[in-house]
Amino acid sequence: MKFFELNNIKVQEPVHGYKGKFVHSENQTIAIWEIDEGAVLPEHSHPHEQISTVVEGKFKLTINGETRNVDKNSVAVIPSNIPHSGKAITKCKIIDVFYPVREEYK
């Protein structure tokens, strides 16, 4: 069993305007994002299944060509290898869960 203090985790910015803290278990990665208003997430895909929860703000999310505006308490499930992209309409806080572990975020 492990416990983590988010205040002790270094912030990373893998995409401009997307500042994240990452927690890894043996099988999953959790990303806690603070996203600048207007920040764009270019279209990409990865072998990880992803579940995204909007905690604060409004975000435009496109998954496999379908675009939706999502906001507080919205949850999106993104299957592995499906193209997706997004843009923060306002400043946002989003929590992503990835399976399996995102090694590049370690």
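Me: Where is Asn 64 found?
Reply: Strands here are DSSP runs of E with at least two residues, and helices are runs of H or I with at least four, both numbered from the N terminus. On that basis Asn 64 is found in the loop between β6 and β7. The model is predicted, and local features need pLDDT of at least 70, side-chain atom pairs count only at pLDDT 80 or more, while totals for chains, interfaces and linings use all residues. Residues are numbered from 1 along each chain as its sequence is written, and side-chain values use heavy atoms, with hydrogens and water left out.

Me: What is the phi of Asn 64?
Reply: Most residues other than glycine have a negative phi. Asn 64 is not a glycine, yet its phi is positive, about 55 degrees. The hairpin of β6 and β7 that holds Asn 64 has two residues between the strands.

Me: Is Asn 64 buried or exposed?
Reply: Buried means under 20% relative accessible area, exposed over 50%, and partly exposed in between, with a 1.4 Å probe and protein chains only. Asn 64 has a relative accessible area of 54%, so it is exposed.

Me: Which residue stands opposite Ile 63 in β7?
Reply: Two strands pair if DSSP finds at least two bridges between them. Strand β6 (residues 58–63) and β7 run antiparallel and are joined by six bridges. Ile 63 stands opposite Glu 66, and Lys 60 has Asn 69 as its bridge partner in β7.

Me: What is the strand order of the sheet with β6 and β7 in it?
Reply: The order is β4-β9-β6-β7, in an open sheet of four strands with antiparallel pairing. At the edges are β4 (40–44) and β7 (66–71), each pairing on one side only.

Me: How many helices and strands does the protein have?
Reply: There are zero helices and 10 strands.

Me: Where is Asn 81, and what is its phi?
Reply: Asn 81 is in the loop between β8 (75–78) and β9 (84–88). Asn 81 is not a glycine either, and has a positive phi of about 65 degrees.

Me: Which residues does a cis peptide bond join?
Reply: Most peptide bonds are trans. Here a cis bond joins Tyr 99 and Pro 100, with omega about -5 degrees. Pro 100 is in the segment after β10 (92–99).

Me: How many aromatic pairs are there?
Reply: A pair of aromatic rings is described by the distance of the centres and the angle of the planes. Rings of Phe, Tyr and Trp (its six-membered ring) pair if their centres lie within 6.5 Å; planes under 30 degrees apart count as stacked, over 60 as edge-to-face and the rest as tilted. The count comes to five aromatic pairs. The rings of Phe 22 and Tyr 105 are stacked, because their centres are 4.3 Å apart and their planes are at 25 degrees. Phe 22 lies in strand β2 (residues 18–24) and Tyr 105 in the segment after β10, so the pair ties together parts 83 residues apart in sequence. Phe 98 and Tyr 105 form an edge-to-face pair, 6.2 Å centre to centre with 70 degrees between the planes.

Me: Are Phe 22, Tyr 105 and Phe 98 buried or exposed?
Reply: Phe 22 is buried at 6% relative accessible area, Tyr 105 is buried at 11%, and Phe 98 is buried at 2%.
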